[in-house]
Amino acid sequence: MNLESMSLTDQRDLAKSEEVHASDLAAACYRQIERLNPTLNAFITVIPPEKNLLPSSGSMPLYGIPVAVKDLYDTRGIRTTGGSKFFADNIPQEDAFVVQKIKKAGVQIIGKTNTHEIALGVTNNNPHFGACRNPWDITRTPGGSSGGSAVAVSTGMALAALGTDTGGSIRIPASLCGVVGLKPTYGRVSLRGILPLSWNLDHAGPITRKVEDAALMLQVMSGYDELDPSSLKTLPGDYYSHIKDGMNERKIALAVGNFIDEADAEVLEAIRKAAKVLEAQGVIIVEVNVDFLKEAAVANAIMTQADGAAFHRERMKEHPDWFGADVRQRLETGAAFTSTEYSLARRTQTEVKRRCEILFDEYDALILPTTPITAPVLDGENAVERARQLTRFTSPFNLTGLPALSVPCGFTTEGLPIGLQIVSRAWNEAGVLRTGFAFQEATEWHKAKPKIAL
């Protein structure tokens, strides 16, 4: 039985049926970490097995499931670096709220994953802890900033992982590494105890192998946190029970227009084929011009850099040389934006939110590429320009705070994964996950594994 190739739900069911012991699940992941992490550098810190005891109760919903945590989430007694020299020796005294929740569900946290420095970038070429590499081609970026989390899941070093997403940092690495990444609605998952990049745009969510795994993780992660000012009180969601409901007569918008057409031809072809797969299940597909999203991408970049500069202002004054060159450049750019430029970006945010509300009054979901290109080479590339390019299709939905899911939908002729992005109205994670599951079950893309992991 090859545990390394199974999904979270598969392994959970095996553990519940007692076909395998829960301790075997973590052991399988540790074997992969020992074998692959020296090459891929997915983890900044690995928690030794002897310090990672099984929870006492086997009735927990995720009992014994090994999960990796992006190194922005506070973990009590375990260093949390943020991928930064400033926090290299930071040992939190308590867990982030979401870490508390997954522990109560029975999760075993096996390590802290590599991230682009302070989450301000998408290459995951970290100058302090080393570059994280794409398992499909180790000369290429895994995407970021949650690159280590996506690599860990795609190679069986973890069954699921926590990421953060300010301009696409969950969905981009999920797309480039051939796994599933979910950014929930803003306010659905608490941000308390997570190193901020932008107080206005940050989201927390899961990276998994399969859509149903993401639904289970969200079930555990979500919930109101009265101590987090970004957390919103909503009715508890049920993301898993109805994931297999049919798609017949659902109306989905297929994004088109100049904004979308700048994507690579192979990416666009994969998205068109994905639309045909959904259409064969009774979905009504309508082409919709989304050129208005270009303004949203620009506004998101302004707010991300300005908010990041505000949070790190004292560190920039004291030790600007402690930041990597690309991150320092983006922080300096953010600090230089005028109040007028920031105010106009916020106005764009309001306007695009309304445009999306109108869109989703008519359509159940929107589909478009997750990224306009597949994984670029890691070395010798302009990280600032890569951020602008790779966040093109993801960042508008941070600005609007809408739920967005990336699922594998094909490969290029070079064998690099392509991601399909599914977006819907606020709080409709259930609909996004149901659409993703329907596509997943009608295709085989999610079953592919990078050769390095086998």
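Visitor: By class, how many nonpolar, polar and charged residues does the lining of the largest pocket have?
Guide: This is a predicted model. Its largest pocket holds about 590 Å³ of space, and 33 residues line that pocket. Sorted by class, the lining has 14 nonpolar, 12 polar and seven charged residues.

Visitor: Which helix gives the most to the lining of the largest pocket?
Guide: Three helices each supply at least two lining residues: α9 (293-311), α11 (325-336) and α13 (383-390). With eight residues, the one that gives the most is α9.

Visitor: Which residues touch the most other members of the largest nonpolar core?
Guide: This core has 129 residues. Helix α6 (residues 211-221) supplies its largest share, eight residues. The residues that touch the most other members are Y73, I102, L366 and L433.

Visitor: Which residues does L366 touch, not counting residues up to four places away in sequence?
Guide: L366 belongs to the largest nonpolar core. Leave out residues up to four places away in sequence. The contacts are then A253, A255, V290, L359, F360, F397, Q421, I422 and V423.

Visitor: How many residues are in the second, separate core?
Guide: Among its members are V122, I172, I373 and A375. The size of this second core is seven residues.

Visitor: Is D13 buried, partly exposed or exposed?
Guide: D13 lies in helix α1 (residues 8-16). Buried means under 20% relative accessible area, and exposed means over 50%. D13 has 38%, so it counts as partly exposed.

Visitor: How far apart in space are D13 and Q440, C-alpha to C-alpha?
Guide: Along the sequence, D13 and Q440 are 427 residues apart. In space, C-alpha to C-alpha, the distance is 20 Å.

Visitor: Why does Y240 count as partly exposed?
Guide: Y240 lies in the loop between α6 and β9 (251-256). Y240 counts as partly exposed because its relative accessibility is 28%.

Visitor: Which residues does Y240 touch, not counting residues up to four places away in sequence?
Guide: P48 is 192 residues away along the chain, and its C-alpha atom is separated from that of Y240 by 32 Å. Contact needs heavy atoms within 4.5 Å. Beyond four places in sequence, Y240 touches T9, R12, E212, A215, L216 and Q219.

Conventions:
Residues are numbered from 1 along each chain as its sequence is written. This is a predicted model: local features need pLDDT of at least 70, side-chain atom pairs count only at pLDDT 80 or more; totals for chains, interfaces and linings use all residues. Side-chain values use heavy atoms; hydrogens and water are left out. A nonpolar core is a set of buried Ala, Val, Leu, Ile, Met, Phe, Trp, Tyr and Cys residues joined through side-chain atoms within 4.5 Å. Buried means under 20% relative accessible area, exposed over 50%, partly exposed in between (1.4 Å probe, protein chains only). Helices (H or I, at least four residues) and strands (E, at least two) are DSSP runs, numbered from the N terminus. On a 1 Å grid over the protein atoms alone, a cavity is a set of points where a 1.4 Å probe fits but cannot get out, and a pocket is an open set with protein on both sides within 12 Å along at least five of seven lines; lining residues have an atom within 4 Å of a point. Grid points are joined across faces, edges and corners, and a volume is the space filled by probe spheres set on the points. Ala, Val, Leu, Ile, Met, Phe, Trp, Tyr, Cys and Pro count as nonpolar, Asp, Glu, Lys and Arg as charged, and the others, Gly among them, as polar.
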